[in-house]
Amino acid sequence: MTPTAQVQALLATAAPTAPVLFSLTEHDRRAEGDDLPTIPAGGIELTAEEAAAALFEVEADLLEERAPNTDALYAALKAAVSKLGPAEIANLVGDFAELDNREFPEVGRCRRFGYRLALSFWYEGARSRSMTCGEAAVAVYFSGLNRYKQADFWALPKHRMLLARALYEGLHAVPLETLIRLGAAMDREFGDTLHVHEREWLYRQALPDYHRRRFAYHQVQFDRRTPIPLIVRPNSGGYTIGLTPPPGPDGRWLNPVIAEW
């Protein structure tokens, strides 16, 4: 559902900042051949698996918090590195690699934490994160994808490819800062079931079709095997769309309901 000219003009006024000039290629921190960048911590560079092993060994209390923000995770990792040291982490990672996510849920959580930290340090001079469920759903809303009943959509051949194509099509329908704002409102509407939130005026004007909003959100929420790109926040300010990372350690992409900076 491409925005009308009236809505496009409205959305443009909601995001008056100039486009961000940031070279994704020049700032990519990955070594040649690596799928993920390393994580700088305590003067050393850790892989996502090494970071997960260090967190698992030292930061048991952190596992009690369901959704620590990325800054809290990074502080915990630096504390773990300071306590363990590079040699001990190297000794731990072999045993940690043998642990199964399904048998030990804490291991799976730590691997997702390590993955999140690697995504955060993807680019030099910037922080990055996965798109939220709401942000991805807003992009799907603005795409040309037809609305289906959920079961009917999942029954379509190559439905995941259709969803990914719709997401990328809709990413450029509105300014990115506006998409982030609308995504936060959609996450409040469908992701926060404990509270009733008043929908802001821009959200109601830009995404008026409740059934299409719900369709878009539920497809993204329940199918985490759809590739989702990063949102990048350069240190110089603003936002830009980054590369699409490989899936996480459980074979799925992250799509949280809050922005995990």
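Guide: A charge sits over a ring if NZ of Lys or CZ of Arg is within 6 Å of the ring centre and within 35 degrees of the ring normal. In this predicted model, the charged end of R212 sits over the ring of Y141, 5.7 Å from its centre. R233 likewise lies over the face of W261, at 4.1 Å from the ring centre.

Visitor: Which conventions apply to the model?

Guide: The model is predicted, so local features need pLDDT of at least 70 and side-chain atom pairs count only at pLDDT 80 or more, while totals for chains, interfaces and linings use all residues. Residues are numbered from 1 along each chain as its sequence is written, and side-chain values use heavy atoms, with hydrogens and water left out.

Visitor: How many helices and strands are there in the protein chain?

Guide: Helices (H or I, at least four residues) and strands (E, at least two) are DSSP runs, numbered from the N terminus. The protein chain has 11 helices and 5 strands.

Visitor: In what order do the strands of the open sheet stand?

Guide: Strands of a sheet pair through backbone hydrogen bonds, either parallel or antiparallel. Two strands count as paired if DSSP finds at least two bridges between them. Here 3 strands form an open sheet in the order 3-4-5, with antiparallel pairing. Strand 3 (126–130) and strand 5 (240–241) stand at the edges, each with a single partner strand, so one side of each has no neighbour in the sheet.

Visitor: Is strand 4 mostly covered or mostly uncovered?

Guide: Buried means under 20% relative accessible area, exposed over 50%, and partly exposed in between (1.4 Å probe, protein chains only). In strand 4, 4 of the 5 residues are buried. Of the 261 residues of the protein chain, 45% count as buried.

Visitor: What do the buried residues of helix 3 pack against?

Guide: An α-helix has 3.6 residues a turn, so residues three or four places apart point the same way. In helix 3 (residues 48–58), the buried residues are A48, A51, A52, A53, A54 and L55. They pack against strand 1 (39–41), strand 2 (44–46), helix 4 (70–97) and helix 5, where contact means heavy atoms within 4.5 Å. Helix 5 (residues 105–120) in turn lies across strand 3 and strand 4, at about 135° to strand 3; axes are lines fitted to C-alpha atoms, for helices over the stretch in contact, and angles run from 0 to 180 degrees between N-to-C directions.

Visitor: How many aromatic pairs are there, and why is that of F190 and Y210 called tilted?

Guide: Rings of Phe, Tyr and Trp (its six-membered ring) pair if their centres lie within 6.5 Å; planes under 30 degrees apart count as stacked, over 60 as edge-to-face and the rest as tilted. The count comes to 9 aromatic pairs. The rings of F190 and Y210 have centres 5.9 Å apart and planes at 35°, so the pair is tilted. This pair links F190 in helix 9 (residues 176–191) to Y210 in helix 11 (residues 210–222), 20 residues apart. F190 is buried at 13% relative accessibility, whereas Y210 is partly exposed at 34%.
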